[in-house]
Amino acid sequence: CCCFFRARDDNSLEVDFSALDLSTPHLTLPSSIGNGMQFVSRFMSSKLSGKPESMKPLLDYLLNLNYRGEKLMISDTIDTADKLQTALLLAEVFVAGLEKSTPYQNFEQKFQEWGLEKGWGDTAETCRETLNFLSEVLQAPDPINMEKFFSRVPSVFSIVIFSIHGYFGQEKVLGLPDTGGQVVYILDQVRALEEELLQRIKRQGLNVTPKILVLTRLIPDAKGTKCNVELEPVEHTKHSSILRVPFKTDDGKDLRQWVSRFDIYPYLERYAQDSSVKILDILEGKPDMVIGNYTDGNLVASLLSSKLGVTQGTIAHALEKTKYDDSDVKWREMDHKYHFSCQFTADMIAMNTSDFIIASTYQEIAGSKDKPGQYESHYAFTMPGLCRYATGVNVFDPKFNIAAPGADQSVYFPFTQKQARLTDLHPQIEELLYSKEDNDEHLGYLGDRSKPIIFSMARLDKVKNITGLVEWYGENRKLRDLVNLVIVGGLLEPSQSNDREEIEEINKMHSLMDKYQLKGQIRWIKAQTERVRNGELYRCIADTRGAFVQPALYEAFGLTVIEAMNCGLPTFATNQGGPAEIIVNEVSGFHINPLNGKEASDKIAAFFQKCKEDPTYWNKMSTAGLQRIYECYTWQIYATKVLNMGSMYGFWRTLNKEERQAKQLYLQMFYNLQFRQLVKTVPKVGEQPARPTAGS
Ligand code: UDP
Ligand code: LCN
């Protein structure tokens, strides 16, 4: 198709973001993809080796470190690598002679005499370690000490996280349109990052208060949520808040209603301006790092990071391009509904502006043997009549890193932890699962309580394929004999929803329940927003020796999968996307193919048949799921990795300044000439749609 369109128009817009990446090194092995930080560390080591002047960039970086103007680590008197090396040697010998636990204050003055400022450590021992890491780097740079040193550098104290669309709040928001795992992820992420920041700052021997701000939109029509509150502290944190900034209408008023993530583009530039004023005010200065989430958050993070010159991280959660078949080639057909022209352009700008990209799994970046990765599919593509990306983003770029999220283990813990179980909630859960009548909260009932339950919980989007699961269950006699089905998701009546896809799915649920006469075997409960109770719900399902089923046509990561596994619930999950990596098939759970319902439902039935014959099989799968989680999917592992990225890429971005600046100008031009034009085609609330013009 590219050739075809080029043949028609030789001068059509061609974008090549790699054209200016002249000295950016690239990974070569597919198996290294997602380990960007290690690569950067290795590359920096070789770049800093050799002549003394090679150390200049690192020295300059250290000389610039400060907290609100107060110098950290080294003072201006240390203006050569030689002087730094001497100071390190003197200090290292000195602290090695002290009792390990001697507080920094006791020898602060001595350090200052050598030109060393605060930030090396809180005790003689931590100072000795940090001094040693840098000494080693200066003598003969090696990636391990480089990484260790950067994990100690006091460079990140304040973080701004953008998550703009949806209803972002701490209660009663999940299940509202466009509001799913991203919110859960960010709130848990903030808690984990704050905890890690506090530990690091203490270890650095500093008396600094970290700050994390989550920027979202303020929605006056908050529908019983707190989305109309400007500033809200994040629960279980001391220094983190949600800051809500409204969208503005053309006449300067606050836009009152929710806007779909697909229609949000006309509001973002103004949002970036308004939010930057508030951020600078609340933080009393620039943040040290901004992290965007999803297309809208990443675009705004890009605008802000370019304007303020701060390190930027990107998180996609899900890239829409891979969710909808041929969404690039057929963008024109879909644009009135999804505005992919804006979305993919914004994604390209953000991926290229960002210093590092955080992915949850390898497949998110580079795919699997039968499916391209989400980022990989942005390497080269054409949106006919609009633009051809010769290079969009290259997955061999060392900015890509995997840091998988976890699940809050105080909420999602194993069903076997009897003393911790929330037995007070059991009467409510009993009602939710087993009462006989239909009401606003649930439809259908479970006639035979003795059967195990297969459980699924998700937003009622098409791609989640909850209706697919209901259909498989309806079709499979054996499975219906063995287990009951419980679904949590969506609203129960089409008239209650204002989300296009959800309405279609609600109607489908009703017709499937009728078609297969499922009442008596199915319970459909509307979206549940209390996560503490949901944690206990997973465990109550485990009490029935049931299973969790995640049948999505595609799932970017799949938080419900790790929540269920954390609770000890054996899990069947889609082989399309993240869950294929979370679960090792037939070891820590099962993969199912969402495109082959018969095979999937037979596999679930076979499991329950086997458990009937050998009850220890259920326990074995439950334990193996938990083991997998503890090894790979915790928030603590995540926070350490992300803060290391902030520090390491903060230095990385100071190298090759001219090249970076040139790329920034190219991106700015693209934003102005392409993105801004495309935004004009997206109607604001209450407007009529206009025809696309850009590039065509
Ligand atoms: N969730 C919930 N109530 C619901 C549906 C989902 O609390 O009715 C939560 C679920 O526990 C999980 C998140 O929403 O924490 C969904 O995340 P996931 O990654 O599974 O999917 P997403 O919605 O982000 O695509
Ligand atoms: C969005 C999704 O679609 C899920 O697959 C993820 O688990 C969630 O965000 C959190 O990253």
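Which helix gives the most to the shell around ligand 2? The answer is α8, which contributes three residues. Before I continue, please note that this is a predicted model.

Let me stay with ligand 2. The residues around ligand 2 are Gly-181, Gln-182, Tyr-185, His-317, Glu-555, Ala-556, Phe-557, Gly-558 and Leu-559. By class, four of the shell residues are nonpolar, four are polar and one is charged.

I turn now to the polar contacts of ligand 2. A polar atom in the side chain of Glu-555 is 2.3 Å from an oxygen atom of the ligand. For His-317, the corresponding distance from a polar side-chain atom to an oxygen atom of ligand 2 is 2.6 Å. Ala-556 takes part through its backbone, with an N or O atom 3.4 Å from a ligand oxygen. On its own, ligand 2 has 300 Å² of accessible area, and the protein covers 91% of that area.

Why does ligand 2 lie between domain 2 and domain 3? Both domain 2 (155–406 + 637–647) and domain 3 (418–633) give residues to its shell, so ligand 2 lies between them. The space that ligand 2 takes is the largest cavity.

We come next to ligand 1. Ligand 1 also sits in the largest cavity. How many residues surround ligand 1? There are 18, and the closest are Gly-181, Arg-459, Lys-464, Gln-528 and Glu-563. This shell comprises seven nonpolar, seven polar and four charged residues.

Three helices, α8 (181–203), α19 (531–543) and α20 (559–566), each provide at least two residues of the shell around ligand 1. At the level of domains, at least three residues of that shell come from domain 2 and at least three from domain 3.

An N or O atom in the side chain of Glu-563 lies 2.5 Å from an oxygen atom of the ligand. In the side chain of Arg-459, an N or O atom is 2.7 Å from an oxygen atom of ligand 1. Leu-559 contributes a polar backbone atom, 2.8 Å from an oxygen atom of ligand 1. Of the 540 Å² of accessible area that ligand 1 has on its own, the protein covers 92%.

To close, let me set the two sites side by side. Thank you for your attention.

Terms used
Residues numbered from 1 in each chain as written. Chains lettered and ligands numbered in written order. Predicted model: local features only at pLDDT ≥ 70, side-chain atom pairs only at ≥ 80, totals over all residues. Heavy atoms only, no water. Near = heavy atom within 4 Å. Polar contact = N/O pair within 3.5 Å; in protein donor to acceptor, adjacent residues only side chain to side chain. Areas by Shrake-Rupley, 256 points an atom, 1.4 Å probe, with all protein chains shown as cover. 1 Å grid on protein atoms, 1.4 Å probe; cavity = no way out; pocket = protein on both sides within 12 Å on 5 of 7 lines; lining within 4 Å. Sits in = over half its atoms within 2 Å of the grid points. Helix = DSSP H or I, 4+ residues; strand = E, 2+ residues; numbered from the N terminus. Nonpolar A, V, L, I, M, F, W, Y, C, P; charged D, E, K, R; others polar. Domains from an automatic or database assignment.
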